[in-house]
Amino acid sequence: MHVELQACTQRNPGLTQETAAAFGDLATIWQGKADYPENVVEFAGRVCYRSTHRMGTAADFIADRVREGHEDIIEHLVVTLRITESLEPLRWRLLNRHCEVSELGNGAWLVSGNTRVWLDFFRRGVALEAVPILYALAPGIFAEYAAHGAAALPPAQSPALDGAALATLAPFEQGPMRVTLLGYTQPLLADPELAQQHGAATFFFEGISRTCTHQLVRHRLASFSQESQRYVDLSKGGWRAIVPPAVAENPQALAELDEFWRVAEEKYAALRRMGIRKEDARFLLPNAAETRIVATMNFAAWSHFLWLRAVDKAAQWEIRIMGQAVLRMLYVLAPAVFAEHWRVYQERFAQEA
């Protein structure tokens, strides 16, 4: 079997350390001790624990999470390999349904999977020829395979983007909501169908409600790492409420919600003073509680998400705003894949944008 690196998660070119400094704790990603893709993995883990201020302070943070079985965070790094001189990829999707396998002809295959998929393969004794490539990309994730050594990696290839495109890829903000494209995987493929299967993107959503994330996580062909109400203390001042526009515009309705949230905060704090654990005190918290979540999907899954959440006028207002921000960024990266979404969006919402 011959294995070549075709693509892996790379930094959004519209997000630099300098620009990220203006957006909350985004710039802490660069404080990690690894390369950017693996730093995103650590960042996703620290979002869960609200500890992004500690980025890079624990050299074995990722390896420790993998040993603990907290492996959802390593799903945010996606790797595409080109396999030749082997028929093995024929059965790989049967072993792990979370990979994508495409035949290219002439005995060549394209295989994409997040690093949790590749780790699963290696632990089964499958695709071990790829270990040096994956270890070179993410030594923290594949620490148990250090003895296999690291391969020399080719430079990453990125599409050429002009200033307007890069501006579109900068973090989007509206009210408390912020949508940031952290990274993407884009094998440079001429076939839009192959690009849809093997391209992927990782977004960081902030300033959204639990109501919104309850809808987001229904898109199950995805990977999510969300701030934990079990581990993060949400006493008064530790969270804010996301207010629907219809309520914000109605003083009486807003007063009712304010009163309810005031009581919820007081009761949460009271339970904590009684020694009730955070995992139980959180039962008091409403769906309005602000949250943060890192989400990764391949382009096919983002396509389904966008049809339901971005360009459908029946979509709930919060996730529709979020989805349209995602669409604007993905259309810049892969216009052939998202052209029809963009056409419908322009037709239905251009005047509102």
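# Close-up views of the predicted model

**View A. E85 sits in the loop that runs between strand β3 (78-84) and helix α4 (89-95).** Helices (H or I, at least four residues) and strands (E, at least two) are DSSP runs, numbered from the N terminus. The model is predicted: local features need pLDDT of at least 70, side-chain atom pairs count only at pLDDT 80 or more, and totals for chains, interfaces and linings use all residues. Residues are numbered from 1 along each chain as its sequence is written, and side-chain values use heavy atoms, with hydrogens and water left out. The phi angle of E85 is near 60 degrees, a positive value in a residue other than glycine. E85 has a relative accessible area of 65% and is exposed. The classes are buried (under 20% relative accessible area), exposed (over 50%) and partly exposed (in between), computed with a 1.4 Å probe and protein chains only.

**View B. N106 belongs to the loop between strands β4 (100-105) and β5 (108-114).** Its phi angle is near 55 degrees, again a positive value in a residue other than glycine. Is N106 buried or exposed? With a relative accessibility of 85%, N106 counts as exposed.

**View C. Helices α2 (residues 36-49) and α3 (residues 61-68) pack at an angle of about 65 degrees.** Their axes are 10 Å apart. Axes are lines fitted to C-alpha atoms, for helices over the stretch in contact, and angles run from 0 to 180 degrees between N-to-C directions. The crossing of α2 and α3 is left-handed; that is, the near helix is turned anticlockwise from the far one by less than a right angle, whereas clockwise would be right-handed. Which residues meet here? On the α2 side they are E38, V41, E42, G45, R46 and Y49, and on the α3 side F61, I62 and R65. Contact means heavy atoms within 4.5 Å. Sorted by class, the contact of α2 with α3 has four nonpolar, one polar and four charged residues. Nonpolar stands for Ala, Val, Leu, Ile, Met, Phe, Trp, Tyr, Cys and Pro, charged for Asp, Glu, Lys and Arg, and polar for the others, Gly among them.

**View D. R65 lies over the face of the F61 ring.** The distance to the ring centre is 4.7 Å. A charge sits over a ring if NZ of Lys or CZ of Arg is within 6 Å of the ring centre and within 35 degrees of the ring normal. R328 lies over the face of F172, at 5.1 Å from the ring centre.

**View E. The whole structure holds 15 aromatic pairs, according to a search.** One of them joins F299 and F338: the ring centres are 5.4 Å apart and the planes stand at 70 degrees, so the pair is edge-to-face. Rings of Phe, Tyr and Trp (its six-membered ring) pair if their centres lie within 6.5 Å; planes under 30 degrees apart count as stacked, over 60 as edge-to-face and the rest as tilted. F299 lies in helix α13 (residues 299-309) and F338 in helix α15 (residues 335-349), so the pair ties together parts that are 39 residues apart in sequence. Both F299 and F338 are buried.

**View F. Y345 and F349 form a stacked aromatic pair.** Their centres are 6.1 Å apart, with 25 degrees between the planes. These two residues are four residues apart in helix α15, and are separated by about one helical turn. Y345 is buried, at 2% relative accessible area, and F349 is buried too.

**View G. W92, W118, F121, F122, F142 and Y145 make up one aromatic cluster.**

**View H. A143 lies in the loop between α6 and α7.** Its relative accessibility is 34%, and A143 counts as partly exposed. Which residues does A143 contact, leaving aside its neighbours within four places in sequence? They are A63 and Y135. A143 and R67 are 76 residues apart in sequence, and their C-alpha atoms are 9.9 Å apart in space.

**View I. Q157 is also found in the loop between α6 (131-137) and α7 (163-168).** Q157 is exposed, at a relative accessible area of 57%. Not counting residues up to four places away in sequence, Q157 touches Q10 and L188. From Q157 to P187 the separation is 30 residues in sequence and 8.5 Å in space, C-alpha to C-alpha.
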